[in-house]
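The sequence and the model are shown next, and the description follows them.

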Amino acid sequence: MGGGREAVKMGEDEVLALLAENLKVQVASNGPDGVPHLSTLFYIVRAGKIAFWTYARSQKIRNLERDPRVSALVEDGTDYFELRGVSIKGKAEIVRDYDGIFSIGSEVATRMVDAESFEALGDFGRETVEKQAQKRVGVIIHPEHVATWDHRKMV
């Protein structure tokens, strides 16, 4: 099995390409009852780390405040021999300063609509992000373990 796992493992450039091609990440935090709490979020990549923003009062943030351990999954493909993904275990850093939240939110909003730049979103986009940043926090996932696979390498 070890040889098979190595055969489908992705390199750093392949991981960054997969993260750039996809928009949504599955994030698991530990609920108060010990059961994983899953959420799907739009994300960005900063310095090789996944970052996102979410409402400050959300269950996932309450969970991460209590226990910063987090798992994240970005995957794609439909057929078995197309499947590829990145699974990350790490610690969540909660960003609470307005400028940091606005910065993450601006990048997420730009990416969500596939705009060339944040400025391309115009006044409405800027005002929306400014307003949302007052209710949200940013999260940066600091990886401790990363597992990858690309079943396209099996063909």
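By about how many helical turns are Tyr98 and Phe102 separated in helix 4? Because Tyr98 and Phe102 are four residues apart in helix 4, the separation is about one helical turn. Helices (H or I, at least four residues) and strands (E, at least two) are DSSP runs, numbered from the N terminus.

The model is predicted: local features need pLDDT of at least 70, side-chain atom pairs count only at pLDDT 80 or more, and totals for chains, interfaces and linings use all residues. Residues are numbered from 1 along each chain as its sequence is written, and side-chain values use heavy atoms, with hydrogens and water left out.

## The sheet

Strands of a sheet pair through backbone hydrogen bonds, either parallel or antiparallel.

Strand 1 (residues 24–30) and strand 2 (residues 36–42) run antiparallel and are joined by seven bridges. Within this pair, Ala28 stands opposite Leu38 in strand 2. The hairpin of strand 1 and strand 2 has five residues between the strands, and Gly34 takes a positive phi near 90° there. Strand 6 (residues 84–95) also pairs with strand 7 in the antiparallel sense, over 12 bridges. Across that pairing, Gly90 stands opposite Pro143 in strand 7.

## Aromatic rings

The structure holds three aromatic pairs. Rings of Phe, Tyr and Trp (its six-membered ring) pair if their centres lie within 6.5 Å; planes under 30 degrees apart count as stacked, over 60 as edge-to-face and the rest as tilted. Two of the pairs are set out below.

| Pair | Centre to centre | Angle between planes | Class |
|---|---|---|---|
| Tyr80 and Phe81 | 5.3 Å | 90° | edge-to-face |
| Tyr98 and Phe102 | 6.1 Å | 20° | stacked |

Ring pairs also link Tyr98, Phe102 and Phe118 into a cluster. Tyr98 is partly exposed, because its relative accessible area is 36%; buried means under 20% relative accessible area, exposed over 50%, and partly exposed in between (1.4 Å probe, protein chains only). Tyr80 counts as partly exposed at 45% relative accessibility, and Phe81 is partly exposed with a relative accessible area of 42%.

Arg136 lies over the face of Trp53, at 4.5 Å from the ring centre, and over the face of Tyr55, at 4.2 Å from the ring centre. A charge sits over a ring if NZ of Lys or CZ of Arg is within 6 Å of the ring centre and within 35 degrees of the ring normal.

Gln132 is found in helix 5 (residues 122–133) and is buried, with a relative accessible area of 15%. Its side chain makes a polar contact with the side chain of Tyr55 (3.0 Å). A polar contact is a pair of N or O atoms within 3.5 Å; within protein, one must be able to donate a hydrogen and the other to accept it, and residues adjacent in sequence count only if both atoms are side-chain atoms. Leaving aside neighbours within four places in sequence, Gln132 is in contact (heavy atoms within 4.5 Å) with Trp53 and Tyr55.

His151 lies in the segment after strand 7 (136–150) and is buried, with a relative accessible area of 12%. The side chain of His151 reaches the backbone oxygen of Tyr80 at 3.0 Å. Beyond its neighbours within four places in sequence, His151 is in contact with Val8, Tyr80, Phe81, Glu82 and Leu83.

Ser106 has its place in helix 4 and is buried, with a relative accessible area of 7%. Not counting residues up to four places away in sequence, Ser106 touches Phe118 and Val129. Ser106 and Gly125 are 19 residues apart in sequence and 8.6 Å apart in space, C-alpha to C-alpha.

Methods
Two strands pair if DSSP finds at least two bridges between them.
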